[in-house]
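Me: I want to learn how to read a few features of a protein model. Can we take them one at a time?

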Amino acid sequence: MFNKEQQLAYDVIYPKMCNHANLRHSYGYKAEKPVVLSGKPGRGKTYLVGAMIRELMKTYPSLKVWGLAPTHMAKEALQYSLGFPCKTYAAGIGAKREIDPYNGEPSFEQDTKKVMQIMQNLPDI
């Protein structure tokens, strides 16, 4: 299922994800520091994360997970891997793209009310 490097990452990361989800699910407690998974393009990071999250969601069916990615292309790959709809970071926080009337440059305006609502309902992982 995984190559050697993916299996090593799985063995390190998945237990942390399970611990975090269990504490959150059982006690409403947020634990664990974020884990960063990095590597060159095409090495299977998205595939690995998708497999871990799908497995975690089987264990904790009520778990809420957001799939957020920096670009639309990355969002599409993440959606394919996770099997559920994902968003770009900007869409996830309710940013609206607008053109600055003074310089013609694109800018993003956040819907503050939506951002506050999102912050109150952060996903479990």
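Reply: Start with how elements are named. Helices are DSSP runs of at least four residues, numbered from the N terminus. Keep in mind that this is a predicted model.

Me: Which element gives the largest share of the lining of the second largest pocket?
Reply: α1 does, with three residues. Both α1 and α2 supply at least two residues of that lining.

Me: What is the volume of the second largest pocket, and which residues line the pocket?
Reply: The volume is about 200 Å³. The lining includes Asn 3, Glu 5, Gln 6 and Ala 9. Among the other lining residues are Lys 40, Arg 43, Lys 45 and Leu 48.

Me: Now the largest nonpolar core. Which members touch the most other members?
Reply: Met 52 and Leu 56, in a core of 21 residues. The largest share is seven residues, from α1.

Me: What does Met 52 touch, leaving out residues up to four places away in sequence?
Reply: Tyr 10, Ile 13, Tyr 14 and Met 17.

Me: Which residues of α2 are buried?
Reply: Buried means under 20% relative accessible area. In α2 that gives Leu 48, Gly 50, Ala 51, Met 52, Ile 53 and Leu 56.

Me: What describes a pair of aromatic rings?
Reply: The distance of the centres and the angle of the planes. This structure holds three aromatic pairs. One is Phe 2 with Tyr 10: 5.3 Å centre to centre, 35 degrees between the planes, tilted. Phe 2 and Tyr 10 are both buried.

Me: Why is the pair of Tyr 10 and Tyr 14 stacked?
Reply: Planes under 30 degrees apart count as stacked. The planes of Tyr 10 and Tyr 14 are at 5 degrees, so the pair is stacked. Their ring centres are 5.0 Å apart.

Me: How many residues apart are Tyr 10 and Tyr 14 in helix α1?
Reply: An α-helix has 3.6 residues a turn, so residues three or four places apart point the same way. Tyr 10 and Tyr 14 are four residues apart in α1, about one helical turn.

Me: Are Tyr 10 and Tyr 14 buried or exposed?
Reply: Tyr 10 is buried, at 14% relative accessible area. Tyr 14 is buried too, at 9%.

Me: Which residues form the aromatic cluster?
Reply: Phe 2, Tyr 10, Tyr 14 and Tyr 47.

How values were computed. Residues are numbered from 1 along each chain as its sequence is written. This is a predicted model: local features need pLDDT of at least 70, side-chain atom pairs count only at pLDDT 80 or more; totals for chains, interfaces and linings use all residues. Side-chain values use heavy atoms; hydrogens and water are left out. A nonpolar core is a set of buried Ala, Val, Leu, Ile, Met, Phe, Trp, Tyr and Cys residues joined through side-chain atoms within 4.5 Å. Buried means under 20% relative accessible area, exposed over 50%, partly exposed in between (1.4 Å probe, protein chains only). Contact means heavy atoms within 4.5 Å. Rings of Phe, Tyr and Trp (its six-membered ring) pair if their centres lie within 6.5 Å; planes under 30 degrees apart count as stacked, over 60 as edge-to-face and the rest as tilted. On a 1 Å grid over the protein atoms alone, a cavity is a set of points where a 1.4 Å probe fits but cannot get out, and a pocket is an open set with protein on both sides within 12 Å along at least five of seven lines; lining residues have an atom within 4 Å of a point. Grid points are joined across faces, edges and corners, and a volume is the space filled by probe spheres set on the points.
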